[in-house]
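Good morning, colleagues. Please take a moment to look at the structure on the screen, and I shall then guide you through several of its parts.

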Amino acid sequence: MKIAHKIPKAVLLIFAGILLSAEAYAQKSMDETAIPEFISLAVLAIAICVLLVALMTKEMIIQVRKAQKPKTSSDFDKYLKNLNSSQIAIFLKSKENEKTQAFKGKILILLLFTLFFLSNTACAQTTSGSGSLPGHTGIIITIILLGIPVTGGIFLLFFRILSVLKRYSNIQAAAEVQQLKIYLKSIQDEALETGLRKRKAQLDYRLTNTELAGSLSAEDEKGLLNNVANHTALPFVARKKSAQIRPKVDPELSRLILWYFGCATFWLVFGTTVGEYVGIKFVAPDADHVSWLSFGRLRPVHTNAVFWGWASLAMLGLGFYVVPRVSNARLFSTDLGWYALVLINFSVLAGTLCLMAGINNGGGEYREYIWPVMLLFAVGLVFTLYNFLKTIAGRTTKEIYISNWYIVASIIFAITITVVAYLPFWQNGLGETIIQGYYMHQGVGMWFMLFTLGIVYYFLPQQLNKPIYSYSLGILAFWAQILFYTTIGTHHFVFSSIAWWLQTVAIVGSVGMIVPVVAGTTNFLMTFKGVWFKVPDSYTLPFFLTGIVFYFTGSLQGTAEAFRSTNLMWHFTDFTVAHSHLTMYGIICFFLWAGIYALVPRLTGFEAPQITVGAHFWLALIGLMFYTIPLMYGSTLRGLMWMEGKPFIDSVIFMAPFWLWRAIGGSLMWLSHLFFAYNMYRMIVFNGSIDIRETAFEALARENNA
C-alpha cells in the first residue's frame, strides 16, 4: 500500500502543524476568541486523520480486488526488473535445480518406457493460485483539560485503525509473496535466463583501475553504461551505510537500555518544549497569566528536565552497554538498573511538579530541586555505581579500558557534588555561594562531560573500525580534567566578596583546562586519521565530529570567559546562556545522539530513515548557531554599554532582536527533537512493511538450500 508508507510522515506533519499553531496561540493572551481557534485546529487535525483513514481504506479495497483476480505473468513482471546479483543467482539456481529434477524425471520415464513398453505417455499438470463564559481562565483550562484526553483518544483510535489496516496489508502482501514464488518456479524462458546471466555478470563486474591503460570496445560488454543508465535518478539525500551487524546483546539488557533511551527521549521533548515556551516569552511576555507557567518557575523546569531527565538517563543507558562490553563480562544486575531508572524518573517528575507549584531550593542554579527529590536521584546513582563496579570487578580482561575510568569517576563525582550541595553545614553567606559555584561546574564538567567522554572513547573507535589514537593522551586528559576542573567553580563570582585568592585559583584552573581539552581533541581527531573518507558515508560520525568541534571551541570559550577583563564585560549577560548551550547542547547532546544512533540499530535490528536523521542533525546544528551566535554578539555589545554607563533599560531594548533570533534558533532545535523522537520510534518499533520481492527471493533461497 503506497499510502500506508506515507502515513507516519503525514501524522508527523499534522503534529508539527498543531504545535506550531499552538506556538502562535501561546503568543496571544488567553481570551474568548482563542477558544474557537483552538477547537477549529483540533477539528482540522481530526478531519485530516479521518481523510487519511478513508484514503487507506480505499487503497485497501483496490488491493483486495486486485488480489481476487487471477494473476497473470504481466502482474509479476515488475518484480523481475532491476534484480540485484544475489537475487539473479537465487533465480538461476532455482532454474538449475528444476532442470536437474526434470532430467532425472526424463531418465526415469525412459526406463519405464523400456521396461513396460509404454507408448504415447504424456502427463501435464498445471497449477494456478488465487488469492462568552469561555472568557474565564478556569473555563479555558477546563475545556483544554477535557479536550486533551478526547483528542488523544481520537488519535489513539486512528493509530489502532492504521495498525489493523497495515496488518491486513501485510497478509495480502504475504499471499502475493507465495504467488510470486510459484510464478518464479514456473517460468520456462531460456532467453530470460540467458539475459539474467548476462545481467548478473554485469552487476558482478568490478573495475581494476587499469582500464585507462588499455582499450575498451564501444560495445561495452561489461555493462558499465547499463549500470549507469539504471541509476540515473538523482537521490534526494546522500545514501549512508547501514549499521554493521554485531553480536546479539542479552535481551533483558537490551530492554533495559531501550527503556532508558525512551524515558530520556520523553524528557528531552518535554524539557525543550518548556524551553521553547520560555523562549517565546522573551518576545511575548504576556503569553499567559498563570502562576504555574511563569518564567521564574518554567526556566528551572526546563534546565533540570534536560539535565537530570534527558542527558543523565541517556548517558546511563549508553553506560549500561559500554561498561559490560569493554569489561567482556555480563552486567552484574539488571534489577539494579531498573531500580535506578524508576528512582531517577520519579525524581525528575516530582521535581518538575514541585518547581511549577513554587516549591524550590532557593536561588541555586541547577539545584532548584528540594533535597528529598534530589535524594532519590542520588540513590539511583549509588545503585548504578555499585552495579558498574561489580561488573568491572568481574571482567575477563586484565586492563580496565579508559571508558570505564571516565564513567565510574563521573558517577563518583556526581554523588559527591549532590551530597555536598545539599548538606546544610556550609550553606550560610559566602559559603553557599562558593558551594553553588562548585556544584554547578562539577555537574557540567565532572558528571556530564566525564561520562560522555567515556562513551566517545568506546563508540568513536567502533564506528571508525580502528583503535583510539593514543591511550596515553586519554589518561593525560582524564587526570588533567580532575586536577583543573575541580577548582574553577568560583570563576563565575569574579569581583564578588569571595576571597581574591580563591577567584585567582579559579582563573588559573580555567586556564589549565586547556591541557585536557587539547589532549582530548587531538586524540579524537587523530583517530580519524586515514579514515576521513568514512564521514560522508555515515550518519553517526557527523554527530561525533560536531561534538568534537564544540568540545574544543566551547571549552576554550569557557577559559576565555574566566579572565577578569572578559568577565567584566560578559558576566550577567546572555553570553553565559549562549556558552552553556554551546557546551551542554553542542557537546553533550551531539555525543549522546551519536551513541544512540550507533547502538539502537544493533539492539533492535531497525534503522531510522536516513532523511529524518539528516533533518535532525541539520535542524539541531543550524538552530544552535541561530541561538548562540546572535546572543554572543548582542551580549558583547550589551556588556560594553554597561561599561560605558548606559541606562539598563536601553540594553534591554537593544537585545530584543537578538532574543528573537534566540526564539528562532530554539524553535529549530526543538523541531529537531521531534525528528529525533520519531527516529527513536522507527528504530525501536518495526514499521510492519513487507518487501514482496525480497521476501519471495528469501523463501526461494531457503528452498534451494533445502
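A residue is called buried when its relative accessible area is under 20%, and exposed when that area is over 50%. Please keep in mind that this is a predicted model.

I begin with helix α12, which covers residues 402–422. Of its 21 residues, 17 are buried, so by the cut-off of under 20% this helix is mostly covered. From first C-alpha to last, α12 reaches 31 Å, close to the 30 Å expected at 1.5 Å a residue.

The largest nonpolar core has 139 residues. Which of them touch the most other members? They are W308, W310, W447, F459, W593 and I596. Helix α19, residues 575–604, provides the largest share of this core, with 20 residues. Beyond residues up to four places away in sequence, I596 touches F261, W310, A314, L318, P601, F676, M680 and M683. There is also a second, separate core of 18 residues, which includes I88, F91, A696 and L700.

Let us turn to T546, in helix α17. Is T546 buried or exposed? T546 counts as buried, because its relative accessibility is 11%. Apart from neighbours within four places in sequence, T546 contacts G586, F590, F617 and L621.

Finally, the surface. V283, W618, I622, F626, L660, W661 and I664 form a nonpolar patch of about 620 Å². Helices α20 and α21 each supply at least two residues of that patch. V283 belongs to helix α8, and with a relative accessible area of 41% V283 is partly exposed.

Thank you for your attention.

Notes: Residues are numbered from 1 along each chain as its sequence is written. This is a predicted model: local features need pLDDT of at least 70, side-chain atom pairs count only at pLDDT 80 or more; totals for chains, interfaces and linings use all residues. Side-chain values use heavy atoms; hydrogens and water are left out. Patches are made of residues with over 30% relative accessible area and no salt bridge: like charges are joined within 9 Å, nonpolar side chains (Val, Leu, Ile, Met, Phe, Trp, Tyr) within 5 Å. Accessible areas come from the Shrake-Rupley method with a 1.4 Å probe; for residues, only the protein chains shown count as cover. A salt bridge is a side-chain nitrogen of Lys or Arg within 4 Å of a carboxyl oxygen of Asp or Glu. Helices (H or I, at least four residues) and strands (E, at least two) are DSSP runs, numbered from the N terminus. Buried means under 20% relative accessible area, exposed over 50%, partly exposed in between (1.4 Å probe, protein chains only). The expected span of a helix is 1.5 Å times one less than its number of residues. Contact means heavy atoms within 4.5 Å. A nonpolar core is a set of buried Ala, Val, Leu, Ile, Met, Phe, Trp, Tyr and Cys residues joined through side-chain atoms within 4.5 Å.
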